[in-house]
Amino acid sequence: MPNQISNISPKILIITLISIGFNNYFLPTDAKETGKALIESTCKKTQYPEECISALKSDPGSFTANVTGLTRIAVEKSATKLVETLHIVETLVLNATDYLTWGFLVNCRDTYNISVPQIQRGLQAFDRLKFDKSYESVEAVNNAVIGCDRQGWTLPILTQVNRALFRLTKDTMMILHLLF
């Protein structure tokens with residue numbers, strides 16, 4: 001009987017050590033974090049960490065979310081910012097004073113209009129755990145901002161809202177990438 005116990009104990013010890021090592025190596029530290037610490041550690045992995053932290057902290061759900069929940073909140077924030085930007089561009093279209101500016105703004109508005117259902121599909125994909133499809137939808141919004149900016153018109157308010165949308169979607173893409 002003592003031989004069987006001594007034979008089993010080293011096996012259990014080895015399995016336990018391997019299990020602990022496996023978990024510490026393969027599970028991100030974020031999996032153990034919550035609240036402010038998780039927001040900050042996640043946002044430090046983005047291109048615009050301060051803006052990321054600010055955006056996520058503005059949602060009370062962020063303080064109890066895990067990484068997946070934080071990512072969902074980031075995609076929601078991107079969708080909301082897209083709609084806000086679209087409303088601002090629509091106002092600019094209505095108040096344009098010359099044809100060239102109006103045409104430029106209409107192009108931006110139409111591109112953002114197309115992006116709204118895309119990011120909504122991205123949220124649905126996220127809920128089905130298809131993070132790559134969600135990533136693609138946020139990337140499409142990011143590309144819409146780039147396309148709007150590349151037209152060369154500089155309207156201060158448009159530059160400001162486009163920059164905010166670009167940075168939020170860029171950070172959201174980086175956070176989404178953590179999930180796959």
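Me: How do you know that the span of helix 7 (residues 156-177) agrees with its 22 residues?
Reply: Helices here are DSSP runs of H or I with at least four residues, numbered from the N terminus. The expected span is 1.5 Å times one less than the number of residues. For the 22 residues of helix 7 this gives 32 Å, and the end C-alpha atoms are 32 Å apart, so the two agree. The model is a predicted one, in which local features need pLDDT of at least 70 and side-chain atom pairs count only at pLDDT 80 or more, while totals for chains, interfaces and linings use all residues. Residues are numbered from 1 along each chain as its sequence is written, and side-chain values use heavy atoms, with hydrogens and water left out.

Me: What makes Cys-108 count as buried?
Reply: Buried means under 20% relative accessible area, exposed over 50%, and partly exposed in between (1.4 Å probe, protein chains only). Cys-108 has 0% relative accessibility, so it counts as buried. Cys-148 is buried too, because its relative accessible area is 2%.

Me: Why are Cys-108 and Cys-148 called a disulfide?
Reply: A disulfide is a pair of cysteine sulfur atoms within 2.5 Å. The sulfur atoms of Cys-108 and Cys-148 are 2.0 Å apart, and the pair forms a disulfide. Cys-108 belongs to helix 5 and Cys-148 to helix 6, so the link ties together parts 40 residues apart in sequence.

Me: What is the handedness of the link of Cys-43 and Cys-52?
Reply: The angle about its S-S bond is -65°, and the link is left-handed. The sulfur atoms of Cys-43 and Cys-52 are 2.1 Å apart.

Technical notes:
Helices (H or I, at least four residues) and strands (E, at least two) are DSSP runs, numbered from the N terminus.
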